[in-house]
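Try each task before you read its solution.

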Amino acid sequence: MSALQNHDPADSGSQWLGDALPDVPLSKAQARVVDVIVRNPQLSSYAEIAEIAERADVNSSTVVRAAQTLGYRGWPDLQRELRARYLVHISIEETLTEHGEHRSPLHDSLTHDIENLRQTLESNSAADAEAAIATLASARSILVVGVGSFAGPASVMAHLGSTMGYPVTLENRAGVHLATAVNCLGPGDVLVVVNMWRSMKQIIVAADAAHAAGATVVAITDMRRGRLATSIAHHLLIVPSEGISFFQSVTAATSVVYGLLAGMQTAQPERSRAAIRRTQQLWKDLDVYLD
């Protein structure tokens, strides 16, 4: 029995899921869980596991097993993916309605980002991070791509990576600039893509071209499935990006970037220390900071 059995592929009720639910054999009980997910986008994206289980007339362990059968680490991992899809599917104005009123914008934002960070920790293993760090530490060159809000963590990575002496460049303009930057990539080079919420066509196509040219692609994204995650990226790091207003949060992505940078420093300690010393001397020579 497939994940979408009994559902017309043209049914708009399932279009919000995209490729989140693969076509894999499911038990009858697991199929009922999938049916609840497909028919209830908002509920599936935000409800507790007990409510999903009650709607599907199964126990909570069946919901967990259904998520694992679908290729996720468990219900939280699947729900994070569902929520990312749901937020793309609704309009920006509807996002405001979804998030409702704030008790305190600052308190709610910090609390929400703490939860995003917790989910990031659960979604990425130490092995995932270490493999990405090893790739970055041995790269001939590194190009970091991120536009709009997501240029923030991309800029942090490029700036601090360069400070440590790594050959890192930033591309945050897209268009012809992105084409030129990616055109220079090949074997030994690494492309880091920071892309969350709605997938940007130019970035996905450019990442695909870099992959085809022999470059290694590291993706920092909020979806475990999709073209970037499943067929382009060699290393995948998952970060929740939901904020408390109409905009996405880059807190978790930035924290992942800091972790990668710390790992890169540890991987090349002497190189990093020497580059940092030169940078500090240049600060003095250029009279950058107040005494």
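**Exercise 1. Which residues form the nonpolar patch on the surface, and is Y289 buried or exposed?**

Start with the patch in this predicted model: L282, W283, L286, V288 and Y289 make up a nonpolar patch on the surface, and together they have about 540 Å² of accessible area. Finally, compare its accessibility with the cut-off: exposed means over 50% relative accessible area, so Y289, at 53%, counts as exposed.

**Exercise 2. Find the largest nonpolar core and say which element gives the largest share of it.**

Begin with the core itself: it has 29 residues, and those with the most contacts inside it are L136, I142, M157, V192, I220, L260 and M264. Then list the elements that give two or more residues to this core: α9 (126–137), β1 (141–145), α10 (151–163), β3 (189–194), β4 (216–221) and α14. The largest share, seven residues, comes from α14.

Now zoom in on L260. Leaving out residues up to four places away in sequence, L260 touches A129, A132, I133, L136, M157, I220 and L237. Another core, of 28 residues, lies apart from the largest one, and I37, A47, I52 and A53 are among its members. As background, nonpolar side chains in soluble globular proteins tend to be buried together.

**Exercise 3. Where is Q265 found, and what is it in contact with?**

First locate Q265 in helix α14 (residues 251–267). Its relative accessibility is 25%, so Q265 counts as partly exposed. Setting aside neighbours within four places in sequence, Q265 is in contact with M164 and S272. To finish, look along the chain: Q265 and A137 are 128 residues apart, yet their C-alpha atoms are separated by 8.3 Å.

**Exercise 4. Describe the surroundings of H234.**

H234 sits in the loop between α13 (227–232) and β5 (235–238). With a relative accessible area of 41%, H234 is partly exposed. Not counting residues up to four places away in sequence, H234 touches H211, A215, T216 and V217.

Conventions
Residues numbered from 1 in each chain as written. Predicted model: local features only at pLDDT ≥ 70, side-chain atom pairs only at ≥ 80, totals over all residues. Heavy atoms only, no water. Helix = DSSP H or I, 4+ residues; strand = E, 2+ residues; numbered from the N terminus. Buried < 20%, exposed > 50% of the residue type's maximum accessible area, 1.4 Å probe, protein only. Contact = heavy atoms within 4.5 Å. Patch = residues over 30% accessible without salt bridge, like charges linked within 9 Å, V, L, I, M, F, W, Y side chains within 5 Å. Areas by Shrake-Rupley, 256 points an atom, 1.4 Å probe, with all protein chains shown as cover. Salt bridge = Lys/Arg side-chain N within 4 Å of Asp/Glu carboxyl O. Core = buried A, V, L, I, M, F, W, Y, C linked by side-chain atoms within 4.5 Å.
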